[in-house]
Amino acid sequence: FFHSQPFWLVLYFCFNLGLTLYNKGVLIHFPFAYTLTAIHALCGTIGGVFLLKAGIYMPAKLSAADNLALVAFSVLYSINIAVSNLSLEMVTIPFHQVVRAATPIFTIFLSMVLFGSRSSGQKVASLIPVVAGVGLATYGDYYCTTAGLILTVLGTFLAAVKTIFTSILQSSPSLSHQQHSNSLFRYVVPPRLHLHPLDLLARMAPLAFIECVMLAHISGELDRVRLWSVQEMTPWTATVLFLNGVIAFGLNIISFTANKKAGPLSMTVAANVKQVLSIILAVLIFDLSISFTNAAGILLTLAGGAWYAAVEYRERRAKGKI
């Protein structure tokens, strides 16, 4: 049972949904996005060392140039998580989830700019309801500030960049990819290092921890955290924060395992269901109100996202990549 597809898929769904709601709840009482991100990275570091000692994966041998590329990627990795947590602190979960659903728009644009990739007409058409839905879903959202909107859109863009770069770092070098080495973006796109996902995660976590602590110090957040700790910190609060970091690390492990066992289509369906439930539960838990126009926009965005995922799956299967 514990090695079955349904078990890991349900586990992925529960962790993904739970962490989104958990992060929002934590940030209400612990409004320090950089520090929360550092806690996630610290737990990832500890977990990565444990998995390495347990022999779960073998670390790759990298050159100095490869390690420098990973340091640069770690900056993107840290900023992506920090911006996501900052935006989640400023906007509602429904708003956050709907705007994040527009990630494929940035993915297609970046793939075209960086690699000259062209998307099919069906894939582009599927983004029309996503764009329209985001517009309707965010219309008149009085819980959202201008800064919250900008950070949420920026976080969505960074998530697309991180997804593309993560895929590149985990892919094998080939002659077909050398054509991009002389392009305008050869210093932007990371090398293809064929890294194991857990190896990449273990390398990113300690770098992200250091960078997030530095960001917290520069922004003055650490001083506010010290003051908050004196007045608010209890053993229970510390446990809640640590558990949040453990769940964030666990989600990375579960996502990798579930993807291997259940496949991309099942993962996509679980992610779409998670988006719907996170919006519904956020409305109930955080006592939010959504107008008919916002609700229609949410449904339209999710429908467009499901359409995009279905087209992506069919195209990948036709190319023999699934």
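Predicted model: local features only at pLDDT ≥ 70, side-chain atom pairs only at ≥ 80, totals over all residues.
Now show the whole of both helices, α4 (residues 93-100) and α7 (residues 146-170). Turn the view to look through the pair, and the crossing is right-handed.

Next stop: A82, in helix α3 (residues 64-90). Is A82 buried or exposed? With a relative accessible area of 2%, A82 is buried, because anything under 20% counts as such. Which residues does A82 touch, beyond its neighbours within four places in sequence? Select A33, Y34 and T37 to see them. A33 sits 49 residues from A82 in sequence, yet their C-alpha atoms are 6.1 Å apart.

Finish with the salt bridges, of which there are two. Side chains of opposite charge can pair when their charged atoms come close.

- Select D199 and R203 in helix α8 (residues 197-218): being four residues apart, they are separated by about one helical turn. Their side chains form a salt bridge at 2.9 Å, N to O, and D199 is buried, with a relative accessible area of 2%.
- Move on to helix α9 (residues 221-232), where D223 and R226 lie three residues apart, about one turn of the helix. The closest N and O atoms of this salt bridge are 2.6 Å apart.

Technical notes. Residues numbered from 1 in each chain as written. Heavy atoms only, no water. Axes fitted to C-alpha atoms, helices over the stretch in contact; angles between N-to-C directions. Helix = DSSP H or I, 4+ residues; strand = E, 2+ residues; numbered from the N terminus. Left-handed = near helix turned anticlockwise from the far one by under 90°. Buried < 20%, exposed > 50% of the residue type's maximum accessible area, 1.4 Å probe, protein only. Contact = heavy atoms within 4.5 Å. Salt bridge = Lys/Arg side-chain N within 4 Å of Asp/Glu carboxyl O.
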